[in-house]
Amino acid sequence: MSYTHIFAGNPLDRGDQARRDEDLLKAMMRQDNTKLLPFHKLKPLVQRGSQAALAWIGHEFLGDLPEEAGGPKFLGFDIDQNPHFAVDISVVEDPSHIAALVPGAEFEDGRAAATDIPSEQSGVLAQARSNLNWHAQHRFCSVCGSESQSQRGGLMRECPKCKSQHFPRTDPVAIMLVYKGDRCVMGQTLARQNSTFYSCLAGFMDQGEAIEEGVRREVMEEAGIKVGKVTYHSSQPWPFPASLMIGCHAEANSDEIVIDDGEMSDVRWFTRDEVKLALEDKLEGVNIPGPIAIAHHLIKAWVYGTANI
Ligand SMILES: [Zn+2]
């Protein structure tokens, strides 16, 4: 079974050929069929109505933007070859006149909007938000300190002085449901201490580490459990700011839990019946992630035996 999570399923053709032609990119920013999605402090413009949707606007407003806003970043073409761009307008103090270009539109938190807009648009939102955030935080060359310039529509920055090329980063995170027989492991991070929130164990991949190795290391660090077989399930872009969640099922070879109390406030074994109740929001004192998160699907796939384990 294949899964398309929220923030995946972006339908745009990212247009690699067009990205390599700077003149074409500049021309496309001003075409009548160009669609721009403004973000203010990483909040996308969202139109509310019978169906919430990303609020695209024409290029006319670009002329009023201060130069420090930085150029639009190319997202790709839709099926009718309309070019789509995202543009960071954070330098505009009060963006209400830009929101007013689309009736009923407001700048909204991307995470809240993601579950209301059509799911393929959440993929566009993920691409745009991660890319704009990276540019905002990587204006200067990390080799020589000069201000670098966006190239290829935002797919890289190049330093005019030392010619170093810098590419947008994606941070891989291993997230895994650990199981053994009829039980699985869920934990609560220190950040959620004293709440009822339990989820899969997870952690950033280290450099020079295979996914299976990252899974085994994280589970050992957070819960002291030895993991044998690791099975990949699915992945999810998570644009806060630029993670890629790599979802796995991990078979435990040991039972005893030794909690890393520098990171976790609790880690426990749960029975399949308990987790079934938790999925229905009926397990007292325990709440687990909703369908926006890959953790929900990793848990569900194990409970109902649809995972390939
Ligand atoms: Zn440089």
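**Contacts along the chain**

I started with sequence separation: residues 24 or more positions apart make up 67% of the chain's contacts with a separation of 6 or more. Contact here is C-beta to C-beta within 7 Å, with the C-beta atoms placed from the backbone. I noted that this is a predicted model, where local features need pLDDT of at least 70, side-chain atom pairs count only at pLDDT 80 or more, and totals for chains, interfaces and linings use all residues. My residue numbers run from 1 along each chain as its sequence is written.

**Overall tally**

I get 8 helices and 15 strands for the chain. These are DSSP runs numbered from the N terminus: H or I of at least four residues for helices, E of at least two for strands. Along the principal axes, the C-alpha atoms fill a box of roughly 60 × 50 × 35 Å. Of the 309 residues, 37% count as buried. Buried stands for 20 or more other C-beta atoms within 10 Å of the residue's own, exposed for 12 or fewer, and partly exposed for anything in between, with C-beta atoms placed from the backbone.

**Domains**

I looked up the division next: domain 1 is 16-137, domain 2 is 138-168 and domain 3 is 171-303. The bounds come from an automatic or database domain assignment. Domain 1 and domain 3 have their C-alpha centres 34 Å apart. Their contact involves 9 residues of domain 1 and 6 residues of domain 3. On the domain 1 side, helix 4 (110-114) and helix 5 (119-137) are the elements that give two or more residues. Helix 5 gives the most, with 5 residues. By class, I have that side down as 3 nonpolar, 4 polar and 2 charged residues. For the classes, Ala, Val, Leu, Ile, Met, Phe, Trp, Tyr, Cys and Pro are nonpolar, Asp, Glu, Lys and Arg are charged, and the others, Gly among them, are polar.

**Core**

Which residues touch the most other members of the largest nonpolar core? I175, M176, V178 and C200 do, out of 70 residues in that core. Domain 1 and domain 3 both give residues to this core, so it lies between them. A nonpolar core is a set of buried Ala, Val, Leu, Ile, Met, Phe, Trp, Tyr and Cys residues joined through C-beta atoms within 7 Å.

**Strand 1**

I checked burial in strand 1 (residues 35-40) and found 5 of its 6 residues buried. Strand 1 pairs with strand 5 (residues 83-88) in the parallel sense over 5 bridges, and L36 stands opposite F85 there. With strand 2 (residues 43-47), strand 1 pairs antiparallel over 2 bridges; F39 has P44 as its bridge partner. Pairing takes at least two DSSP bridges between the strands. Strands 1 and 2 form a hairpin with 2 residues between them, and K41 in the turn has a positive phi of about 50°.

I moved on to the open sheet of 3 strands, ordered 7-8-9 with antiparallel pairing. Strand 7 (149-151) and strand 9 (165-166) are at the edges with a single partner strand each, so one side of each has no neighbour in the sheet. Strand 7 is joined to strand 8 (residues 156-158) by 3 bridges, and Q149 has E158 as its bridge partner.

The loop between strand 7 and strand 8 holds G154. Is G154 buried or exposed? It is buried, with 24 other C-beta atoms within 10 Å. Beyond its neighbours within four places in sequence, G154 contacts K73, F74, N131 and H135.

**S265**

I placed S265 in strand 15 (residues 264-271). S265 is partly exposed, with 15 other C-beta atoms within 10 Å. Residues up to four places away aside, S265 touches Q188, T189, L190 and Q193. From S265 to Q127, 138 residues apart along the chain, the C-alpha separation is 33 Å.

**Helix 8**

My last stop was helix 8 (residues 294-303): 8 of its 10 residues are buried, so the helix is largely enclosed by the rest of the structure. Among the buried ones I listed H297, L298 and W302. The buried residues pack against strand 10 (171-180), strand 11 (183-189), strand 13 (227-238), strand 14 (243-252) and helix 7 (272-279). Just after helix 8, G305 takes a positive phi of about 70°.

Technical notes
Two residues are in contact if their C-beta atoms, placed from the backbone, lie within 7 Å.
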